[in-house]
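Trainee: Please take a close look at the loops of this protein chain. I would like the backbone and the surroundings treated together.

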Amino acid sequence: MEGKMLEHITASEIAGYAVGSLLLSATISASKIDSFISSSQRSSLGMCKRCGDLKLIACSRCRGSGLIKEGGPFTLIPVVDGSRGFGVKTKKHSSSPSCPNCRARGHFSCPDCD
Ligand SMILES: [Zn+2]
Ligand SMILES: [Zn+2]
């Protein structure tokens, strides 16, 4: 009896993992397919190839977020403080610096549609 129960739990857990990974891979492939189709549809439908008639282009530098998450060339470097022994004094709690490329808007107006 106990053996059967254990078997059942294990099987359902495995099924759960399988379903989870399946859903995950399905989601990833779906988004890939979607982007592929939409890009080819745009040209076939005569939509703007740059923005897909959204009149907006997502900023490539901040990926449309308007904020730069990575430090870029000025990545925070841990500096050894001689008086304290060690410390990460340079590590400011930078509150997501705004993107200078798009002025924190995350997008540009499409030059093709203007
Ligand atoms: Zn456009
Ligand atoms: Zn930007």
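Mentor: Start with a definition: a residue is buried if 20 or more other C-beta atoms lie within 10 Å of its own, exposed if 12 or fewer, and partly exposed in between. The model is predicted. By that count, 3% of the 114 residues of the protein chain are buried.

Now the layout. The protein chain has one helix and two strands. Read from the N terminus, the order is α-β-β. Among contacts between residues at least 6 apart in sequence, 71% link residues at least 24 apart.

Take the loop between helix H1 (2-44) and strand S1 (56-58). Asp53 sits there. The phi of Asp53 is near 65 degrees. That is a positive value, and Asp53 is not a glycine. Around Asp53, 15 other C-beta atoms lie within 10 Å, so Asp53 is partly exposed. The cut-offs place it there: buried needs 20 or more, exposed needs 12 or fewer.

Move on to the loop between S1 and strand S2 (107-109). This loop holds Arg103. Arg103 also has a positive phi, about 55 degrees, without being a glycine.

Asp53, between H1 and S1, is partly exposed. Phi is positive in Asp53 and in Arg103.

Notes
Residues numbered from 1 in each chain as written. Chains lettered and ligands numbered in written order. Predicted model: local features only at pLDDT ≥ 70, side-chain atom pairs only at ≥ 80, totals over all residues. Helix = DSSP H or I, 4+ residues; strand = E, 2+ residues; numbered from the N terminus. Contact = placed C-beta atoms within 7 Å.
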